[in-house]
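Colleague: I have a model open and would like to learn how to read it. Can we go through it feature by feature?

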Amino acid sequence: MIITSDDINGILVLKTELARQFEMKDLGYLRYFLGIEIAYPPTDYLLSQSKYVADILEWVKLIDNKTVDTLIE
């Protein structure tokens with residue numbers, strides 16, 4: 001379960017209530033979710049799929065290929 005809000009107290013109350021009802025762990029800040037990397041600069045969130053794309057390129061063995069410009073009319 002991903003919990004997000006700007007209401008820190010509300011999150012703490014929700015997590016406490018959920019922990020009372022269910023066995024759960026707090027895994028801390030979200031870093032990766034469904035191939036999307038989440039970073040936390042000081043003022044906002046940064047979402048990136050660069051690691052996901054790099055993993056796909058490595059999986060299909062295209063990581064060391066060289067690109068060539070091709071003219072198109």
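Colleague: Let me start with a single side chain. Is Asp55 buried, partly exposed or exposed?

Modeller: First, a caution: this is a predicted model. Now the residue. Asp55 has 39% relative accessibility, so it counts as partly exposed.

Colleague: With which residue does Asp55 form a salt bridge?

Modeller: The general idea comes first. Side chains of opposite charge can pair when their charged atoms come close. Here Asp55 pairs with Lys51, and the closest N and O atoms are 2.9 Å apart. Both residues lie in helix α2, 4 residues apart, which is about one turn of the helix. Lys51 has 37% relative accessibility, so this residue is partly exposed too.

Colleague: Over the face of which residue does Lys51 lie?

Modeller: Tyr32. Lys51 is 5.7 Å from the ring centre.

Colleague: How many salt bridges does the structure hold?

Modeller: There are 3. One of them joins Glu17 and Arg20, at 3.4 Å from N to O. These two residues sit in helix α1, 3 residues apart, again about one turn of the helix. Glu17 is partly exposed at 35% relative accessibility. Arg20 reaches 60% and counts as exposed.

Colleague: And which side chain meets Asp26 in a salt bridge?

Modeller: That of Lys15, with 2.7 Å from N to O. Asp26 is in the loop between α1 and β1, while Lys15 is in helix α1, so the pair ties together parts that are 11 residues apart in sequence. Lys15 is partly exposed, with a relative accessible area of 23%.

Colleague: Next, the sheet. In what order do the strands come?

Modeller: Strands of a sheet pair through backbone hydrogen bonds, either parallel or antiparallel. In this model 3 strands form an open sheet in the order β1-β2-β3, with antiparallel pairing. The edge strands are β1, residues 32-33, and β3, residues 46-48; each pairs on one side only.

Colleague: How many bridges join β1 to β2, and how many join β2 to β3?

Modeller: β1 pairs with β2, residues 36-39, over 2 bridges. β2 and β3 are joined by 3 bridges. Glu37 in β2 is the bridge partner of Tyr32. Glu37 also has a bridge partner in β3, namely Ser48.

Colleague: How many residues lie between the strands of each hairpin?

Modeller: The hairpin of β1 and β2 has 2 residues between its strands, and Leu34 there takes a positive phi near 50°. The hairpin of β2 and β3 has 6 residues between them.

Colleague: Which strand holds Ile36, and how accessible is this residue?

Modeller: Ile36 is in strand β2. Its relative accessibility is 28%, so Ile36 counts as partly exposed. For a sense of distance, take Ala19: Ile36 is 17 residues from it in sequence and 27 Å from it in space, C-alpha to C-alpha.

Colleague: Now the aromatics. How many aromatic pairs are there?

Modeller: The count is 1. The rings of Tyr29 and Tyr40 have centres 5.1 Å apart and planes at 50°, so the pair is tilted. The pair links distant parts of the chain: Tyr29 is in the loop between α1 and β1, and Tyr40 is in the loop between β2 and β3, 11 residues apart.

Colleague: Last, the surface. Which residues make the nonpolar patch?

Modeller: Tyr52, Val53, Ile56, Leu57, Trp59, Val60, Leu62 and Ile63 make a patch of about 760 Å². Take Val53 as an example. This residue is found in helix α2, residues 50-59. Val53 has 43% relative accessibility and counts as partly exposed.

Key:
Residues are numbered from 1 along each chain as its sequence is written. This is a predicted model: local features need pLDDT of at least 70, side-chain atom pairs count only at pLDDT 80 or more; totals for chains, interfaces and linings use all residues. Side-chain values use heavy atoms; hydrogens and water are left out. Two strands pair if DSSP finds at least two bridges between them. Rings of Phe, Tyr and Trp (its six-membered ring) pair if their centres lie within 6.5 Å; planes under 30 degrees apart count as stacked, over 60 as edge-to-face and the rest as tilted. A charge sits over a ring if NZ of Lys or CZ of Arg is within 6 Å of the ring centre and within 35 degrees of the ring normal. Patches are made of residues with over 30% relative accessible area and no salt bridge: like charges are joined within 9 Å, nonpolar side chains (Val, Leu, Ile, Met, Phe, Trp, Tyr) within 5 Å. Accessible areas come from the Shrake-Rupley method with a 1.4 Å probe; for residues, only the protein chains shown count as cover. A salt bridge is a side-chain nitrogen of Lys or Arg within 4 Å of a carboxyl oxygen of Asp or Glu. Buried means under 20% relative accessible area, exposed over 50%, partly exposed in between (1.4 Å probe, protein chains only).
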